[in-house]
Amino acid sequence: MARRNILHKSKLQEFKEWLTDNGVEWRDGKGGYQVIQIRTIRGWSAIYDSDKERREHYTVQDDIKPLVSKFVNWRKL
């Protein structure tokens, strides 16, 4: 199940830099809705922008949720 309200759209570039700094492999998303793909144990998982006009946060797949949560907690420090 995908999660919303975790990664704010304004934090995407900072998240990409954090992934790179922490040795996590990522690449640009494919298609109109994928924003970024991140390598997980199961392969590539995506973060989506399902509603570009109204929503302030991206939709995050469950495989990536722990990683995004670490980023959010790191930002709070």
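Strands S2 (residues 34–40) and S3 (residues 43–48) pair in the antiparallel sense over six bridges; strands here are DSSP runs of E with at least two residues, helices are runs of H or I with at least four, both numbered from the N terminus, and two strands pair if DSSP finds at least two bridges between them. A hairpin of two residues takes the chain from S2 to S3. Keep in mind that this is a predicted model, where local features need pLDDT of at least 70, side-chain atom pairs count only at pLDDT 80 or more, and totals for chains, interfaces and linings use all residues. Residues are numbered from 1 along each chain as its sequence is written, and side-chain values use heavy atoms, leaving out hydrogens and water.

Let's stop at Thr 40, which belongs to S2 and stands opposite Gly 43 in S3. Is Thr 40 buried or exposed? Thr 40 is buried, at a relative accessible area of 17% (buried is under 20%, exposed over 50%, partly exposed in between, with a 1.4 Å probe and protein chains only). Leaving aside residues up to four places away in sequence, Thr 40 touches Ser 45, Asp 63 and Ile 64, a contact being heavy atoms within 4.5 Å.

Now follow S3 onward. S3 also pairs with S4 (residues 59–60), again in the antiparallel sense, over two bridges, and Ile 47 has Val 60 in S4 as its bridge partner. Altogether, four strands form an open antiparallel sheet in the order S1-S2-S3-S4. S1 (26–28) and S4 stand at the edges with a single partner strand each, so one side of each has no neighbour in the sheet.
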